[in-house]
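The following report concerns the contact between two chains and one residue beside it.

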Amino acid sequence: MATLLPSRPGRRQRDLWPWLLVATLAVASLVFVLPLLLMLAAAFKPSAEILQSPPTLLPQSPTLDNFRTVLAEAPYGAWYRNSLVVAGAVTFLAMATSALGGYIFAKFEFPLKKPLFALVLATLMIPFPVLLIPNYLVANRLGLLNSLWALILPGVVSAFGIFLVRQFVAGIPSDLIEAARLDGASEWAIFLRIVVPLVRPALAALGVFTFLASWNDYLWPLVAINDLEKSTLPLALTFFNSVNATRYDLVMAAATMAVVPVLVVFLIFQRQIVKALVLAGMK
Amino acid sequence: MAAPTTSVLAPTRPGAARRSRPPGYASQMAFVWTGLIPILAMFVVFAFLPIGVVLWLSLHRYNQLAPTAPFIGLNNFTFAFTKDPFFLGALGTTLKYAVVAVPLNLLFALPIALGLNAVPRLRAVFRSAFFLPTVASAVAVSLIWRYIYEPQTGWLNVALGAVGLLEHSWLSEPATALWAVMATAVWQDLGYNVLILLAGLQGIPDDFYDAAKTDGAGGWARFVGITLPLLGRTLLFVSVLTMISYLQQFTYVQVMTGGGPIHSTETMVLYVYSKAFSDMQLGYASAMSVVLMAIILLVTLAQFRFLRTRWEY
């Protein structure tokens, strides 16, 4: 905290430091926000204005026409629904299986426990692009291609989630679980009523992580989905872009509708989300 | 699902039978296996089986349209390394991408994290500003930056022209395209590294700095003597994670340049994708993705070695 700023009173030269630092950070952070604002501005510009050179910073005559055109020309509602269904299902199921798997690996002794856990962890080292081709063939064999199931099923289990929950459950005293057993609680009741509430922070972290990853995923949907009606938002955005290559007013309107809700949700819950991401990142 | 339960209850080894089972052992094992088997089945179908398939494919000439898939040994690999300039180009581009963009990322992320750490009151506001791009989809970010890089109507050239600097067609010149794409990637995921580094910085006890100050250590001496070594693990963790992700770049190049101009931004994943799904050469593409996996595994294992030897405190 005090590393860079030893602000001792009475020394004017040093008092300038904090302001310089804040100013630098402000300029730097602008670099990270401005492109998003440019997207927003472009989305409200009429088509003639978007081609103007030099470009205008703010729309001179703001219009909602771009949004109307996007919604009229493209099945945007379906794309949104697909993205919500896929990201929602993947998040819920990954949280459920991670809670269960993490608890089992943390608190039970059973044959083959160690090798099985090692195998699960080993999948963390496999980069997804390597699984692209075989997953395509497997999904093809199972008849999943070109359906939302192809996007949901591979994400149902998460080695990272199981690992995260296991670390968390290790901190729960086994006595608590034994006591519940002596009271006659069934194993499933112990899991649902005692363990799940206690690992909620880990599950929240996993949930944020999984939802964002699934919502923004591009490579796998690109391979697994053909129909426009079954596309998720990132996939649909590139399609939209390829059809309206030079119409940045329309492309930015479509991008705005995909991105802004996520940004708003992040800004509302940012404290919890940041905490969750740090927890997930630091293990 | 019942099979493993019974086999546990009736152990075949004589030694295991003598061990006394606590009451409720049977119901615990039933819980373990009913819970675990569906989970493990998913791993088998979507991770272990695919790894087997990709290794098998890499040793065969497999084309979905062809009726047979003859075994060809390591021919896919030797072809890639000796007869396919596009593969070597993509390999080079991928390595260059990782070697340039990872330090570039940390070069900005570390000072920003240090800065944020020094302004406790404004930290939350600035942090969300830096973090905002990481939440957006990479496709949307690619489209935004393509708009900014537009030669005539884009903001970058306008800004550069205003201060008298050279303007470029950033994405259509081979000399600048890869840099423009890397800048986009760094812009988007810098915030995540800032977040992790900041958490690492906050984990360093204030006492260390206080002690150093009483010893008369200046700001730079404290940074080199305390901050850097204590942040070492976090820095390494962040670098490796970033490197692994930069070795697999796909979305930015696919959306912004399609690998061009003249293949100058074609990464390995993009090349694998086009070989597999445009040319339908699934065997050859699998072999190339196995090469990518080997590179990434090497980076991961090197990290484990390094963590064990150098950074023990």
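## A threonine and the chain A–chain B interface

A:Thr56 is placed in the loop of chain A between α2 (47-50) and α3 (65-73), helices being DSSP runs of H or I with at least four residues, numbered from the N terminus. This is a predicted model, in which local features need pLDDT of at least 70 and side-chain atom pairs count only at pLDDT 80 or more, while totals for chains, interfaces and linings use all residues. Residues are numbered from 1 along each chain as its sequence is written, chains are lettered from A in the order in which they are written, and side-chain values use heavy atoms, without hydrogens and water.

A:Thr56 counts as buried because its relative accessibility is 10%, the limit being under 20% relative accessible area with a 1.4 Å probe and protein chains only. Apart from neighbours within four places in sequence, A:Thr56 is in contact with A:Lys45, A:Glu49 and B:Trp155, where contact means heavy atoms within 4.5 Å. B:Trp155 is itself among the buried residues of helix α8 (residues 155-162) of chain B, together with B:Asn157 and B:Leu160.

For the interface as a whole, the residues in contact and the buried area (accessible area, 1.4 Å probe, lost by two parts on being put together, summed over both) are as follows.

| Item | Value |
|---|---|
| Chain A in the contact | 99 residues |
| Chain B in the contact | 95 residues |
| Area buried between chain A and chain B | about 8500 Å² |

Carbon and sulfur atoms give 80% of the area buried between chain A and chain B. Helix α1 (residues 12-43) of chain A gives the most to the side of chain A that touches chain B, with 14 residues.

Conventions
Buried < 20%, exposed > 50% of the residue type's maximum accessible area, 1.4 Å probe, protein only. Helix = DSSP H or I, 4+ residues; strand = E, 2+ residues; numbered from the N terminus.
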